[in-house]
Amino acid sequence: MNPNQILKQYFGYDEFREGQSELVDALMHSRDALGIMPTGAGKSLCYQIPAMLLPGVTLVISPLISLMRDQVQALVTNGVPAAFINSSLTETQYNKAVTNARGGQYKIIYIAPERLLSLSMLELAQSMQISLIAVDEAHCISQWGQDFRPSYLDIPGFVESLPTRPVMAAFTATATHLVRNDILSALRLIDPLALVTGFDRPNLYFEVKQPKDKYSALIQYLKENDNNGIVYCSTRKEVEGVTEKLTADGYSAARYHAGLSDAERSRSQDDFLYNRVNIIVATNAFGMGIDKPDVRFVIHYNMPQNVESYYQEAGRAGRDGLPGDCILFYARKDINTALFLIKQSDNPDEIARNRQLLNKMERYCETDACLRRYLLEYFGERVGHDCGNCGSCNGNYDETDVTIDVQKVLSHIGRLNKAGKRFMFTHTADILLGKSDDFTDLSTFGIMKGATRHYIRQLTNRLTALGYIHDNGYLSITPKANEVLFGVVRVSIRGNKPESSAKKERIRKQIEDSAKYAFSEELLAKLKELRLTIAQEENVPAYVVFSDATLIDMCQKHPHTLEEMVSVSGVGQVKLKRYGERFLQLLYAEQRNAALKEKKAELTLELFMHEVDIDDRPLQISRVAENINAVLLKYDRPKTSGMRLNSLLIEAGYLEATDDGKTPTDFGCEHGITSVRRNSERGEYLQSLFNAEAQRICVRLLLEPNL
Ligand SMILES: [Zn+2]
C-alpha cells in the first residue's frame, strides 16, 4: 500500500491536507522532519501514516497522558494497532503492553518522556525494531518556550542508546525562530525537512470585546450560541467564581485549574471531552494536548500574557474545520493582573522579555486593524489584505480625529530621540503629562496635561500600528512620522466597539448557508444522537466515533449503501464495518420519512382514490365527508364537511335544493345518488344517500372542482 491508500483505508480521507504529504514523503525516505503546523492541521497523520508503512514500530513521545489516551483510542477505532505506556497504567496493564510490544503487536506506541530512560523502557527498546521516533509538542524541549519539560532533554540520550538510529520527526503548533532552533539542535535532527504550514485558520472568527460587565457578556454569548466551548480565566479564583455563577444560572459547566486534585481535573476534562458538560472554565493549565475537535468557541475572560499563548489557546476552537469563535474579553485591569503574574519571576531578563510580549498582546486588544492579520504578522506571515471576517473588519466604530494629539506625541518622542534618548512608554507619557521630574524644560513637557495615561497609550498603540513609531520596549519615531507631523496625513482612533455586531452574524450565516454547509439540521441532530449512543456503549468520546465534519458530510452525501458510505470523509474501512450499518439504517429511515412527506405534498386524485375508504353501502353525506377527511388529515390538508360537499354537488348538477331539503337530480340519480324519507322530531325530511360511484364523485369534485 502507499500513503494515499493508507489515508483512505484507515482514516477515510481522499486527500492530504497542506504540508502533510511532504512530511510523510520525507519520513518514508528516511529523512528527518520538523513540522510546524497550527493546531487542527492534522500533524498526527504525518507520522501515523509512515508508521503503518515502515517496518517495526513507531514511538511517539508525547507530553500528556490525556493526549496519548485520546490518540490511541482514535487509532484503535480506525483499526490501527496502537498502545500507550505511561504512569496511568496499572502494573498488570503495563506488563501486558510490554509483552504485546515485544511480540510485535503494535505499529505505534505512545510514551511519556519521563519513561524514556527507565530501565524497563531501555530494555524494551533494545528488543524492538524502531523505525521512527516522532516527538509531539516538540517546543517542550526549548527553555524559551512556555511549556519547557526537562524530561524532553532525555530524548537524545535515549535515541543514542538504540542499536540503530531511527528516523526522527518533530512536531509543534507554534514556534518562534528561537524555539525552532532549539528543537533542531536539542533533538539533533539531521538535515531535516523543516516545513511550516500557514498559520491561518480561516474557519475561526476573532473578536476583542471590552464589555462593562464580563459575566453578562458571557451569558449573552451563551444564550445566542448553545455550543461546546472553553472559557479561559487568568486566575484560579476567577475560574471558581465564573464556574459557580454559571452553574447557579443553570449552565452545565466544569472547572479546571492546577489547584484541584488530579482526580477532579481528569473528571472535568473527561466530562468536557465526552460532552457531559458543555462548558469548561479553566486556567491555562487546561488544554495542551486536548484533542477535542468540536470545540465551537474559546472565550478568554481575561487577556492572556502573550500572543503565542493566546493563539494556541484560541486555536483549540474549530479543529474540525467548522466555524469557531475566538473572543477575548478585555479590560484595562487585565494588564495589571498579567504584570503581577509576570513579576513573580526572579529572573529580571525574563521579566523584561515577558513585558515586551505583554505589550504585543495589549496591542492586539487595542488595535482597530484586522485582528487575523495582526496575529499572522506576529508569527511572521506576510498578509496582503484584511480578512473581512474578524471583529475589526466587521465592526462599525465611531472614528475620532486625533491628529493634533498624535502630532504632540510624535514631536515629543522626536525631540527626545534628537537628544539621544529613548524611553519606555510610561516615562515618555509622564513627561507629556507633566508628571515627571526630568525634562521639565523640554518644549513638550506637560503639553498633554489633563489627558490620561490610557489615552496616550491608545494614541501610541495606534501610531505603532500605523508604522509612525517603532517600539522595541523603547520608543522612537520613524521617518514616516513626518507625514503626520507636517499634516499630510490625518490620524483617527475608534471609539468603543459596539456590543452586537450584526454584520458578523450576517457573514457567519453566509458561510453556513454556502453549499459547503448546506444540510438538514434535523438530520444532523439525529446522526449526533446515534453517535452519542455508540460513544456511550463503547465508552469513548463522541468524536472518536465520527467527527462533526464527517456527520455533516454524511448529511450532504446521504449514502444508500456501504460502498457509497466510503465516499464520506473520515469513514475508513474499520469504522465502516463497525458503524456503517447503523448509520445507513438511520439514513434510510430518514429518507423514507422524507419521501413520505414529499408524497404528501403531491396528493394526486389517483393517490386519493387509492387511499380513501369507499363503502359499498350507500352512505349519507356526513359519512362520506368523514372518509375523505381521514385522507386529507394524513396529507396535512384542510378538512372538508358535508355542507361543502353538498354545495359542490349542487353546483355540478347532481343535487338540487327543494322545499324538502336536497334531492338528487335525474343526473344525480343516474350516478348513484338515491334519496330516502326520514322521520325526526321536527318532522319528515329527505336524505340523500351515496353509493360507491357517487362517493368517488364527491372526491373528484373536491379535488378537481372544475370537472
Ligand atoms: Zn480581519
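**Sheets, helix contacts and loops in the predicted model**

Thr58 has Leu132, in β5, as its bridge partner. The structure is a predicted model: local features require pLDDT of at least 70, side-chain atom pairs count only at pLDDT 80 or more, and totals for chains, interfaces and linings use all residues. Residues are numbered from 1 along each chain as its sequence is written. Helices (H or I, at least four residues) and strands (E, at least two) are DSSP runs, numbered from the N terminus.

Strand β2 (residues 57-61) and strand β5 (residues 130-135) run parallel and are joined by five bridges. Strands count as paired if DSSP finds at least two bridges between them. Both strands belong to an open sheet of seven strands, ordered β3-β4-β2-β5-β6-β1-β7, with parallel pairing. β3 (82-85) and β7 stand at the edges; each has a single partner strand, so one side of each lacks a neighbour in the sheet. On average, neighbouring strands of this sheet are turned by 15° against each other, direction ignored. Axes here are lines fitted to C-alpha atoms, for helices over the stretch in contact, and angles run from 0 to 180 degrees between N-to-C directions.

Helix α3 (residues 43-53) packs on this sheet. It touches β1 (33-36), β2, β4 (108-111), β5 and β6 (167-172). The direction of α3 makes about 175° with that of β5. Helix α5 (residues 91-102) also packs on the sheet, touching β3 and β4. Its direction makes about 130° with that of β3. Contact between two residues requires C-beta atoms, placed from the backbone, within 7 Å.

Strand β8 (residues 204-209) is mostly covered, with six of its six residues buried. A residue is buried if 20 or more other C-beta atoms lie within 10 Å of its own, exposed if 12 or fewer, and partly exposed in between; C-beta atoms are placed from the backbone. In a regular strand the side chains alternate between the two faces of the sheet. In β8, Leu204, Phe206 and Val208 point one way, while Tyr205, Glu207 and Lys209 point the other way. β8 runs parallel to strand β13 (residues 324-329), and six bridges join the two. Opposite Leu204 stands Gly324 in β13.

Two bridges link β18 to strand β22 (residues 683-690) in the antiparallel sense. Gln620 stands opposite Leu689 in β22. Strands β19 (residues 655-658) and β20 (residues 661-664) run antiparallel and are joined by four bridges. They form a hairpin with two residues between them. Thr658 has Gly661, in β20, as its bridge partner.

Two helix pairs were examined. The axes of α28 (residues 621-634) and α29 (residues 642-651) come within 8 Å and cross at roughly 105°. The two helices are therefore roughly perpendicular to each other. Angles under 35 degrees count as roughly parallel, over 145 as roughly antiparallel, 65 to 115 as roughly perpendicular and the rest as oblique. Ile621, Ser622, Val624 and Ala625 of α28 make the contact with Gly642, Leu645 and Asn646 of α29. By class, this contact has four nonpolar, three polar and no charged residues. Ala, Val, Leu, Ile, Met, Phe, Trp, Tyr, Cys and Pro count as nonpolar, Asp, Glu, Lys and Arg as charged, and the others, Gly among them, as polar.

The axes of α22 (residues 521-538) and α24 (residues 548-557) come within 10 Å and cross at roughly 130°. These helices are therefore oblique to each other. From α22, Leu523, Leu524, Leu527, Lys528 and Arg531 meet Leu551, Ile552, Met554 and Cys555 in α24. This contact divides into seven nonpolar, no polar and two charged residues.

Phe423 lies in the loop between α17 (403-418) and α18 (425-432). It counts as buried because 20 C-beta neighbours lie inside 10 Å. Leaving aside neighbours within four places in sequence, Phe423 is in contact with Leu416, Thr428, Tyr474 and Leu475. The C-alpha atoms of Phe423 and Gly473 are separated by 8.1 Å, although these residues are 50 residues apart along the chain.

Arg188 has a positive phi of about 55° although it is not a glycine. It sits in the loop between α8 (177-186) and β7 (193-196). With 13 other C-beta atoms within 10 Å, Arg188 is partly exposed. His558, also not a glycine, has a positive phi of about 40°. Its place is in the loop between α24 and α25 (562-565). His558 is partly exposed, with 17 other C-beta atoms within 10 Å.
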